[in-house]
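Subject: Structure for your review

Dear colleague,

Please find below the structure that I am handing over to you, together with its sequence.

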Amino acid sequence: MKTQNIEFHSCYDELLSKLILMTYELLENNNRAIDNQNGTIVSLVSDEVIQPQRIVEHNSFCFLEHNFYKNTVRMYNNIYDLTAQEMIIYSLLLHKCIDNQNEEQTISYKEIQILRNKRIGKSKLLDDITQKAYDKAFLGLCQKRISYDLGETRKKYKITYRTATHPLLIVNGVQELCNGDKIINYSLGPFGKTLIESKRYSTLVPTKYFQLNFNETMTYQIALYICKIIFIERRKRKDTVTITLNSIMKNINKFMVTQKYDLVKCCMAAYYTGPNIKRLWYGVIMKVDELLETLKGELKIRDFKGTYEIIEHSIYSYDYQYKNVKWVIYFNK
């Protein structure tokens, strides 16, 4: 079971970037987790009323709902954002759609394991933990509803659906096999078709980042964000691009484990204020260096130079302490 020769398509469309980064802190009064920068609008919508403030209790997310008389706690519902498992599975589903230039595809759990370069059992395809993770990821994606609008953008593209609201994942049929495998006929709907027709994708993200464990999803986000910047700036025929640590931290999420939803977004990494903040920032620096070394080794960039000036013992926030950490990336000529 080798996947070294597979080149994964990663999508850098701002609609997808907003969806991946979205958290329920973006909830508005009309129950839309929304981001409407740069002329496009994308949101996860639901009829369920949920208050957007949360607390952590017993290793699970809860909502702290305020009223005139008292505070009441309501359990977190991840209908407005993606878990780590959902994010990775959706990325693989989208890769296959882009690869075949069609938003309707068929995939099996075995194929997902092969794509992720994970173990396949003989009599039983998956271990119980992986089986449960896949089941929950597919169910979670099906239960979410996406709404998007291109506004006045992309007029030069032949886009079939400029605005739509539909389930994030549409499953048209499931065949269950005796070894625990499932063959799933699925569609990413109008949203998936819009991503394909917008043609903002490439095979720039190295294969190994699609094969990370679920608890390394933040590392996948780092790769996706940096490769997105490279993809955009290289199309402008620039020779270099500078990426700061602060910008990276504002475009990835910190995750935490919960009993019900597994790995969920704690917050944007830049705004994390819990334990081990310094370890988080230093860890991201090392992951960026590793990614850039990989891109250089695969001849996807010519070179890079990191500046690691960190202001220690600052009275200001970590955002200030790390403001001078950056990388200059040199493109191939």
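Predicted model: local features only at pLDDT ≥ 70, side-chain atom pairs only at ≥ 80, totals over all residues.

Residues are numbered from 1 along each chain as its sequence is written, and side-chain values use heavy atoms, with hydrogens and water left out.

**The chain as a whole**

The secondary structure of the chain amounts to 9 helices and 17 strands. Helices (H or I, at least four residues) and strands (E, at least two) are DSSP runs, numbered from the N terminus. Of the 333 residues, 53% count as buried. Buried stands for under 20% relative accessible area, exposed for over 50%, and partly exposed for values in between, with a 1.4 Å probe and protein chains only. As for contacts (heavy atoms within 4.5 Å), 66% of those between residues at least 6 apart in sequence join residues at least 24 apart.

**Strands and a sheet**

Strand β3 (residues 41–45) is mostly covered, with 4 of its 5 residues buried. Two strands are said to pair if DSSP finds at least two bridges between them. β3 pairs with strand β8 (residues 145–149) in the antiparallel sense, over 5 bridges. Within this pairing, V42 has Y148 in β8 as its bridge partner.

An open sheet is formed by 3 strands in the order β7-β11-β10, with antiparallel pairing. β7 (104–108) and β10 (170–176) stand at its edges with a single partner strand each, so one side of each is left without a neighbour in the sheet. Neighbouring strands of this sheet are turned by 15° against each other on average, direction ignored. For such angles, axes are lines fitted to C-alpha atoms (for helices over the stretch in contact), and the angles run from 0 to 180 degrees between N-to-C directions. β7 is joined by 5 bridges to strand β11 (residues 182–187), and the two run antiparallel. Here T106 stands opposite N185 in β11.

**Helix α5**

Helix α5 (residues 189–198) is also mostly covered: 9 of its 10 residues are buried. Among the buried residues are F191, L195, I196 and E197. K199 follows α5 and has a positive phi, near 60°.

**Aromatic pairs**

A search of the whole structure finds 10 aromatic pairs. Rings of Phe, Tyr and Trp (its six-membered ring) pair if their centres lie within 6.5 Å; planes under 30 degrees apart count as stacked, over 60 as edge-to-face and the rest as tilted. The rings of Y109 and Y134 have centres 5.3 Å apart and planes at 70°, so this pair is edge-to-face. Y109 belongs to helix α3 (residues 109–115) and Y134 to helix α4 (residues 128–143), so that the pair links distant parts of the chain, 25 residues apart. Both Y109 and Y134 are buried.

Y282 and Y322 form another edge-to-face pair, with 6.0 Å centre to centre and 85° between the planes. Because Y282 lies in helix α8 and Y322 in the loop between α9 (318–321) and β17 (324–330), the pair ties together parts that are 40 residues apart in sequence. Y282 is partly exposed at 31% relative accessible area, whereas Y322 is buried at 1%. One aromatic cluster consists of Y109, Y134, F138 and F214.

**Individual residues**

T219 lies in helix α6 (residues 217–235) and is buried, at 11% relative accessibility. Its side chain makes a polar contact with the side chain of K287 at 3.3 Å. A polar contact is a pair of N or O atoms within 3.5 Å; within protein, one must be able to donate a hydrogen and the other to accept it, and residues adjacent in sequence count only if both atoms are side-chain atoms. Leaving aside residues up to four places away in sequence, T219 touches Y209, L212 and K287.

K300 is placed in the loop between α8 (277–297) and β16 (303–309). K300 is buried, with a relative accessible area of 16%. With residues up to four places away in sequence not counted, the residues that K300 touches include T203, R234 and N332.

**Cysteines**

The count of disulfides (pairs of cysteine sulfur atoms within 2.5 Å) comes to 0. C97 is buried at 1% relative accessible area, while C178 is exposed at 87%.

With kind regards
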